[in-house]
Amino acid sequence: MRPLETLPPTETLEIENGLSLVPRVKLNLTIHPSLPSVSKPIDEWQLKRALIDFLKTSLSVSVTVPEEDLQIKRLKDLKKRKRDEPVAHGALFIRDIRFLSSKKKIEEVDNEEEDVKELEKKFLEWRSYVAEKMDGIELNLEGVKYNLSVEIPASDDFERMRKDWEESYAFRNRGYSRGGRQEPDTIVLRGVPSRWFAEPRVSSKPSMLVTHTIFSTFGKIRNLNVSEDEDLAKGMDEYELDIGIVSGLHCKIIVQFEKYRDFYNALKVLCGRSLQKQGSRLSADYEVTWDKDGFFRNSRSQNQDKSSKMQEPAAVRYRSEAPRREPRVSEFTSNDTRRKRFKVRIQLNDDDELGFLNENIGAHLEDLCKSRLNEVRLK
């Protein structure tokens, strides 16, 4: 496999397990009615036809997009819609971008790195051109006018993500740091089919071994986590989607690399591409980003908390199983002096006054003796 640094954004990358990363352009669409009070549901077929015709006729280079690459999420109940909310969301995928490739083959160019940078610049400029050209256009569907908003998704904008982590880690690296300079090293990938990362004829669930083999293409891996992506279809209940998402069929992959350079190259290659499987016509239009929350660092701290909580009940049981003993009265007083026993002799004087020959007796004993003397006098 060729070095990732020399891979242009218009070239397909073959990786392990029959998987390929195919370049494409993705644009997020938002449709608002020109009149906020509109209550008529949007016609998906007419919307798709209007956008497909626009791409064919209104761009500097005619672009052909099949209907399946134009996804529309329509709001179910317009009565519950607020005046400033859209009536539909969508996503446009332009997969045929071969016209952007350089006329010269990359292998025949003396300065390979400069040619790749030139092609990257051309690709980014054309993508921005299409987004700006489509943004703000007015669509007339059956007499109802709609305004279209278009933007490049954050998961496809590598330069925006790079600026985000550079600003974030610049703040973290201020002052003294024992661990040295900190840099991101973890990628989060969502929306990939679980069966593509599973062991054939063993299970349909993603395998750690298979996933590790696939992502080792990008560099040495330090940590890896694979789980079902239960949150992928969150929020879809409010919109009707022409391509359904079934819970449990997609997985979420978190990969931590040993080196920052491998993380950088892997994220750059994953941005602006879709995953395809040999023998399958399906394209997995995943979302990729860098880990902002420190997943593996937090996982270690949680595991430490769990282990300490698991050890605590054992210690409590150990203490509860110890033989119980009756409380023993100490032979020492609070000032650590041994208690003494006194013989008390009561002597009545002529005036019937009570006197004690030992001055060390407590006041409570004196009261007891006085009450006993009164009983004797009454008799």
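**Group meeting: helices and cavities in a predicted model**

I start just after helix H5, where Gly-272 takes a positive phi of about 75 degrees. Helices here are DSSP runs of H or I with at least four residues, numbered from the N terminus.

Some ground rules. This is a predicted model, in which local features need pLDDT of at least 70 and side-chain atom pairs count only at pLDDT 80 or more, while totals for chains, interfaces and linings use all residues. Residues are numbered from 1 along each chain as its sequence is written, and side-chain values use heavy atoms, with hydrogens and water left out.

Back to H5 itself, residues 260-270. Eight of its 11 residues are buried, so the helix is largely enclosed by the rest of the structure. Buried means under 20% relative accessible area, exposed means over 50%, and partly exposed is in between, with a 1.4 Å probe and protein chains only. Among the buried residues of H5 are Asp-262, Phe-263, Tyr-264 and Leu-270.

A cavity is a set of points on a 1 Å grid over the protein atoms alone where a 1.4 Å probe fits but cannot get out, and lining residues have an atom within 4 Å of a point. The structure holds two cavities of 30 Å³ or more.

Lys-40, Asp-43 and Glu-142 are among the lining residues.

Asp-43 leads us to helix H1. At the start of H1, a side-chain oxygen of Asp-43 reaches to within 3.1 Å of the backbone nitrogen of Trp-45. The buried residues of H1 are Glu-44, Leu-47, Lys-48, Leu-51, Ile-52, Phe-54 and Leu-55. Seen down the axis of H1, these fall within an arc of 155 degrees, so they line one face of the helix. The face turned away from that buried side carries the exposed residues Trp-45 and Thr-57.

One last stop is helix H2, residues 112-134, which contains Ser-128. Is Ser-128 buried or partly exposed? At 29% relative accessibility, Ser-128 counts as partly exposed. Ser-128 and Glu-151 are 23 residues apart in sequence and 8.9 Å apart in space, C-alpha to C-alpha.

Definitions and conventions:
Helices (H or I, at least four residues) and strands (E, at least two) are DSSP runs, numbered from the N terminus. The arc is that of the directions from the helix axis to the C-beta atoms. A polar contact is a pair of N or O atoms within 3.5 Å; within protein, one must be able to donate a hydrogen and the other to accept it, and residues adjacent in sequence count only if both atoms are side-chain atoms. On a 1 Å grid over the protein atoms alone, a cavity is a set of points where a 1.4 Å probe fits but cannot get out, and a pocket is an open set with protein on both sides within 12 Å along at least five of seven lines; lining residues have an atom within 4 Å of a point. Grid points are joined across faces, edges and corners, and a volume is the space filled by probe spheres set on the points.
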